[in-house]
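Hello,

Here is the structure I promised to pass on. My notes on it follow below.

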Amino acid sequence: MTGTLLTPYEGRHLTLPNRIVMAPMTRGRADDATGVPHPLTGTYYAQRATAGLIVTEGLWPDVLGKGGPGVPGLVTDAQVAGWREVTGAVHAAGGTIFAQLWHVGRMTHPLILPGGATPLAPSAVRIEGEPVYTSEGDVEHVTPRAMTTAEAEAAVTGFAAAARNAIRAGFDGVEVHGANGYLIQQFLAENTNRRTDRFGGSRSGRLRFALDVVEAVAAEVGPGRVGLRISPHNPENEIAEEDPQGTYRALVDALDPLGLAYLHVIERGAYGALADLRPRWSGTLIGNFNGPEPTTRRAGEQVVAVGLADLFSFGRLFISNPDLPARFAADAPLTPHIPELVYGGGGEGYVDYPALAAAEIQSADV
C-alpha cells in the first residue's frame, strides 16, 4: 500500500525518500553531569533512519536552558564528539538528521541547574499549577529571574554557537524550538513577557527574540539548514496567547523571506494554525498534532493530501516502532510504547523495540 506520506519529497532545501518525520522527543538518557549523549543514542536514531527526516530530542544551547535530568547539550567539545558518533550512525543507515536546539527558560529548577542557579525567563512569572521533574522527583517551580537585555542577547548568541556546533557534529541542520511554552514562546506570549525593553511591550517587541534567534542561527549555518518549530495557541506550561493569529501571522510573514529549510507547526486548541499559516509560508511546512493520543497515520495522510503540510511528524509512534515507514507501507500492526520507559534509564524501552521481520511485512501486505 502506498500513500501520500510514503511518496518522496523534493523541496527547496530538502530531498527526502518519504514525508514521514520523526518528531523531537525528550528521552533523558544523556550523562547528567556532562550532557554527553548515551552510548546507545547512535543505535536509537540509526534504527529510525528510514524516516524521511529525524529531528533529535531537544539539546540545550546553554546549560541554564537545561530542562531536566539526562537532557543532553550541544555546547562542549565532548558533547559535539558524542553527537558526531550519532550522526555518523544515522548517515551510515541512509538517514537525514537535524538537531533541535531547546532552551526551556522558566521550565527548569535550581535542582537541575549548575550551582543551584535560578531559572531565567523573559519576566519573573512563576508556573503555579504544574510540577517540574528533578533528580529528587516532582517539585514546585520557583519564580524565575527576568533576563536582562544583555542576557537575552547572550541567549541569542548561544543558539547561534550551538548551531555551529551542530554542523561540526555532522548534523544536516538544526531546528529552533519555539514551541510548547519554552523560552522562545515565553517571549512571544503576553502572559509571560511583561518586558519594557526591545524584547517586550508591543507585538513587534515580543517577536524580537524569536526573530533574532532564527536570524542569528541562519547567519551562522545558512538558512537552508534551519527549521523553526512553533505551537500557536498551545496552553501547555501555562502559556496564554491573547491573539495567536495576529502573533503567528506576523512571525511567519517576517521569517518567510529568509528561505528557511522548514516551518514545523504543532496544531493544538481552537486556532487552526495549519490552515491559517500555510498560505503565508512559501517553503517546506511540517505538520504535527499534539493530542492525548498518538496521531494516526490516517490523520497525517489527510493533512498532507489536502496540502496543509508537505511533511508530517510523528512522535510517540516512533518510540516503539523504529521502522514506522515500513509499517505504514505494509499496513502492519503498530507496537504501543511503554510510558514508564520513555524517560531515563538505559537500553530498555529505548533500543529494544524490534522492527518487523521481512516475512511479517510481506504477510501484512498481502
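UniProt lists residues 5–331 as "domain: NADH:flavin oxidoreductase/NADH oxidase N-terminal", in an unreviewed entry. UniProt positions follow the numbering used here, feature names are shortened, and annotations may be inferred rather than shown by experiment. Over that range the chain is 32% helix and 17% strand. The end C-alpha atoms of the range are 13 Å apart. Helices (H or I, at least four residues) and strands (E, at least two) are DSSP runs, numbered from the N terminus.

This is a predicted model: local features need pLDDT of at least 70, side-chain atom pairs count only at pLDDT 80 or more, and totals for chains, interfaces and linings use all residues. Residues are numbered from 1 along each chain as its sequence is written, and side-chain values use heavy atoms, with hydrogens and water left out.

Confidence first. The mean pLDDT (the predictor's confidence in each residue, from 0 to 100) of the chain is 96. Of its residues, 97% reach 70 or more. Where pLDDT is low, the predicted coordinates should not be read in detail.

Next, the open space. The largest pocket has a volume of about 1400 Å³. It is lined by 45 residues, and the closest to its centre are Met 25, Thr 26, Tyr 182, Glu 236 and Tyr 343. Helix H9 (316–320) is one of the elements that give two or more residues to this lining. H9 provides the largest share, 3 residues. By class, the pocket lining has 22 nonpolar, 18 polar and 5 charged residues. Nonpolar means Ala, Val, Leu, Ile, Met, Phe, Trp, Tyr, Cys and Pro; charged means Asp, Glu, Lys and Arg; the others, Gly among them, are polar.

On a 1 Å grid over the protein atoms alone, a pocket is an open set of points with protein on both sides within 12 Å along at least five of seven lines; in a cavity, a 1.4 Å probe fits but cannot get out; lining residues have an atom within 4 Å of a point. Volume is the space filled by probe spheres set on the points, which are joined across faces, edges and corners.

Last, E5. Its 5 residues are buried (under 20% relative accessible area, 1.4 Å probe, protein chains only). Ile 97, Ala 99 and Leu 101 point one way, Phe 98 and Gln 100 the other.

Regards

Definitions and conventions
Buried means under 20% relative accessible area, exposed over 50%, partly exposed in between (1.4 Å probe, protein chains only).
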